[in-house]
Amino acid sequence: QVHLIESGGGSVQAGGSLRLSCVASGSIFTMGWYRQAPGKERELVATITTTGNTNYADSVKGRFTISRVYAKNTVYLQMNTLKPEDTAVYYCNGATYGMNYWGKGTLVTVSS
């Protein structure tokens, strides 16, 4: 069992920035971020593999950057030029050896 702990959420005005962090209790092959806005389904934000391959949702390309420190089992999400539509609970995800792990989520609120 791998545990994921997120941090860094909060409230910010449109155009601002936030940085999310997620620490895993064990090694994970692919780490990523998903988000769920009120009344909507959970959606992919960005993922990064151990080889550094990244994948982004079209809605965040050019604004968000995912990165990781392998030695610390930590993944980051730098979010710039935030928009009100980015408001959601952001979940850290870890996928390895066919298992899928989730953090409890951290709330990001962007006001106009």
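## Exercises around strand E9

Asn93 sits in strand E9, which spans residues 88-96. The model you are looking at is predicted, so let's explore it step by step.

**Exercise 1.** Find out whether Asn93 is buried or exposed.

*Solution.* Start with the relative accessible area of Asn93, which is 5%. Next, recall the cut-off: buried means under 20%. Asn93 is therefore buried.

**Exercise 2.** Work out which residues surround Asn93 and which polar atoms its side chain meets.

*Solution.* First, set aside the neighbours within four places in sequence; Asn93 is then in contact with Leu4, Thr30, Met31, Gly32, Tyr34, Asn100, Tyr101 and Trp102. Now pick out Asn100 from that list: its side chain and that of Asn93 are joined by a polar contact of 3.0 Å. Then turn to Tyr101, whose backbone oxygen lies 3.2 Å from a polar atom of the Asn93 side chain.

**Exercise 3.** Locate the disulfide of this structure and describe what it ties together.

*Solution.* There is one disulfide to look for. Cys22 and Cys92 form it, with their sulfur atoms 2.0 Å apart. Look along the S-S bond next: the angle about it is -85°, and the link is left-handed. Now place the two ends: Cys22 belongs to strand E3 (residues 18-24) and Cys92 to strand E9, so the pair ties together parts that are 70 residues apart in sequence.

**Exercise 4.** Decide whether Cys22 and Cys92 are buried or exposed.

*Solution.* Take Cys22 first: its relative accessibility is 0%, so Cys22 counts as buried. Cys92 also has 0% relative accessibility, and therefore counts as buried.

Terms used. Residues numbered from 1 in each chain as written. Predicted model: local features only at pLDDT ≥ 70, side-chain atom pairs only at ≥ 80, totals over all residues. Heavy atoms only, no water. Helix = DSSP H or I, 4+ residues; strand = E, 2+ residues; numbered from the N terminus. Buried < 20%, exposed > 50% of the residue type's maximum accessible area, 1.4 Å probe, protein only. Polar contact = N/O pair within 3.5 Å; in protein donor to acceptor, adjacent residues only side chain to side chain. Contact = heavy atoms within 4.5 Å. Disulfide = S-S within 2.5 Å.
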